[in-house]
Amino acid sequence: MKINGKTTLHGIMGDPVGHSLSPAMHNAAFTKLGLNSVYVPFPVQDVAAALNGFRALHVRGVSVTIPHKQAVIPLLDEIDPMAARIGAVNTLMIDDKSGIKGFNTDWMGANRALSDCLDMKNKKIVLLGAGGAARAIGFGLLETGTEVVLAGRTKKSGEKLARELECDWHSLSDIPALTADGLINATSAGMAPDIDYSPIPAKALKNFPVIMDIVYAPLETRLLREARAAGCRTINGLAMLLYQGVAQFELWTGRDAPLPIMKQQLEAGLDCR
Ligand code: NAP
């Protein structure tokens, strides 16, 4: 990678950002396509000051991560309608004339990950969780016409999201009585260090031909291990992570993202953890 007077700048803003795999993924993609662009970490506490800095320095594209996905919204010049509906922005496009536009690519990443395994037409999906990821995935599934059934451990937050998604909510203990074309774990259940935990009993897995877990640390969760043993098709957390980054790259560059090299960078980064 050669940096010169024409290099365009991209990065990730969050607090912290030191653990992020996005710099390796996006820089490898820029290099692969021979683009004169770099992607760097921006540890940010003051969101408004950071956005002014991006404008002033002609930064082209920025990923937004925890804890700033909501805080950026009132500071944008424009927001994509899906990001507005979800209420979270994970991608900024910065243009000298039109200013800063916010997008959400998490839902795009989840839909693409699921559609690798499942033709999404007229499907019903049980979605576990009521946090930020479940919210983005839920609104994204509705975009494809998928019937969503929400489930989780906490009634209050679950029913609140279910009202917004206009769908039913069930407690985790109801899951053995449910059937659907697929189930997505969008909770942090099973994430390290609680790797011996699965949010649903193994005997219920046969009710769901496709099981997707968005947890990526570890990549093989207990849920996925048991799902494979039960004969389900499985999708791990790398797929959504990859495809949300692919969507960002394509928004910023207008080019098809070089998928294999981006995947390789994520795999290498996750292996080192
Ligand atoms: P969040 O906003 O903190 O929400 C966490 C959700 O998980 C809440 O609904 C919480 O339920 C539920 N939960 C936590 N532990 C649980 C358990 N033991 N049993 C049942 N439910 C449990 O987090 P988030 O941003 O939505 O992220 C959730 C997970 O997705 C994290 O592991 C994150 O790393 C991962 N993620 C992956 C990707 C990807 O691209 N692969 C993208 C985003 C997030 P309560 O309300 O009951 O506490």
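**Close-ups of a predicted protein model**

Cys232 is tucked away: this residue is buried, at 8% relative accessible area (buried means under 20%, exposed over 50%, partly exposed in between, with a 1.4 Å probe and protein chains only). This is a predicted model, where local features need pLDDT of at least 70 and side-chain atom pairs count only at pLDDT 80 or more, while totals for chains, interfaces and linings use all residues. Residues are numbered from 1 along each chain as its sequence is written, and side-chain values use heavy atoms, with hydrogens and water left out.

**View 1**
A disulfide is a covalent bond between the sulfur atoms of two cysteines. Search the whole structure and you get zero disulfides (pairs of cysteine sulfur atoms within 2.5 Å). Cys167 is buried too, with a relative accessible area of 16%.

**View 2. Two cis prolines sit in loops**.
Most residues other than glycine have a negative phi, and most peptide bonds are trans. Going from Asp15 to Pro16, though, the peptide bond is cis, and omega is near 10°. You'll find Pro16 in the loop between β1 (8-14) and α1 (22-32); helices (H or I, at least four residues) and strands (E, at least two) are DSSP runs, numbered from the N terminus. Ala217 and Pro218 are also joined by a cis bond, with omega about 10°. Here the loop runs between β11 (210-213) and α7 (222-229).

**View 3. Asn122 and Glu166 each have a positive phi**.
Neither is a glycine, yet phi is about 50° for Asn122 and about 55° for Glu166. Look for Asn122 in the loop between α4 (106-115) and β7 (124-128), and for Glu166 in the loop between α6 (155-165) and β9 (168-171). Are they buried or exposed? Asn122 is exposed, with a relative accessible area of 71%, and Glu166 is exposed as well, at 73%.

**View 4. Zooming back out, the protein has nine helices and twelve strands**.
Its C-alpha trace spans about 60 × 35 × 35 Å along the principal axes. Of its 273 residues, 50% count as buried. Take the contacts (heavy atoms within 4.5 Å) with a separation of 6 or more: 65% of them come from residues 24 or more positions apart.
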